Amino acid sequence: MALKIFDCHCHLQDPRILSMAPQLIESALRSGVVHFAVNGIHEKDWHLVKQLADSHPSTIPNFGLHPWFVADRSPIWFETLKQYLNAVPCAAVGEIGLDKGSHGREIPFNHQVEVFQKQLELAKELRRPATIHCVRAFQDALEIIKCAGPFPHGFILHSYLGSAEMVSQFAEHGAYFSFSGFTMALKQQTAKKMLKAVPLDRILLETDAPEALPKVGLDSLPSTISECSHSTGLLATGGSSSTNSQGSESLYESLNHPANIHAVLHYVASLLEMPAEELAEISYANSVRVFSFEGSKLFTVLHIDDSGSLYSERIRVKTFCRSVEIIFVYSCF
Ligand SMILES: [Zn+2]
């Protein structure tokens, strides 16, 4: 059976890659990446996330205010967010979170907490999963999650780089752990210990594109990906000094794109000492579970009518069931 991969976190609406999004989606689809959870980061890009979701059945929209943009929020940001989430029932909440890293330190932490809490509670109220960015604030995030929980619809700690010791505490409250190219920045032993602490039914994979270009493993990508990458100006070279067809260094060479998730898959599988195919299967099933909320695109069934035209029908999910089986997931197109 062909490999199916779910990119649980990316930013195809990012101005650096938005114009190339259709080609990037197509090249990723051809390589087996069948869904893309596209995360908004501030009020000004939510309409772009919606447009992508409207035009590409494979994209799952997520609306949220990222901690880096908390200081720039408008007085009506929360009302606007609620309007988007109500108008787009297939959308989840993200990217939200807390950041005490070099960039996040510039944003007053009490404001970050207030904005994070409100969005987390909204996700819970709407019964949709939330995607969380957390940098050097894991204890703070855990306390807030404990108070606001339980989260029967789950939440995703994206690009997880927290300790192995904290995994079980987050998992107890409904966490899924998503891994990106940033995992490669950790010492191998540290990464291995962290990955092995994660229950297998909570592992997800992502690219965080256009960020987090994997630093190793891109050479092993199928040639179709690198061909397409070159044709779109995105070089899948893992930071080497490759040149584009004009022979000059591409401005885009340090940008990531969803087809590179294969490098993440292979790296994470190698640290977990399991075949990549097995990890692909496990993480895909986990992704489908967490993104199977009422209204989700994953419940859209495609039919072919008598004239051969394709049409879609949305199945209403009456009750949430964590072990729900997707009876038909539309094929890549
Ligand atoms: Zn992100």
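**Backbone and overall organisation**

Glu95 has its place in strand 4, which covers residues 92-99; helices (H or I, at least four residues) and strands (E, at least two) are DSSP runs, numbered from the N terminus. A cis peptide bond, with omega of about 15 degrees, joins Gly94 to this Glu95. This is a predicted model, in which local features need pLDDT of at least 70, side-chain atom pairs count only at pLDDT 80 or more, and totals for chains, interfaces and linings use all residues. Residue numbers start from 1 along each chain as its sequence is written.

Pro210 lies in the loop between strand 8 (203-205) and helix 8 (223-232). Asp208 is buried, with 26 other C-beta atoms within 10 Å, and Ala212 is buried with 23. A residue counts as buried if 20 or more other C-beta atoms lie within 10 Å of its own, exposed if 12 or fewer, and partly exposed in between, with C-beta atoms placed from the backbone.

The chain contains 10 helices and 10 strands, and 47% of its 333 residues count as buried. Its mean pLDDT (the predictor's confidence in each residue, from 0 to 100) is 83, and 78% of the residues reach 70 or more. Over residues 315-333, pLDDT stays under 50.

How values were computed: Two residues are in contact if their C-beta atoms, placed from the backbone, lie within 7 Å.
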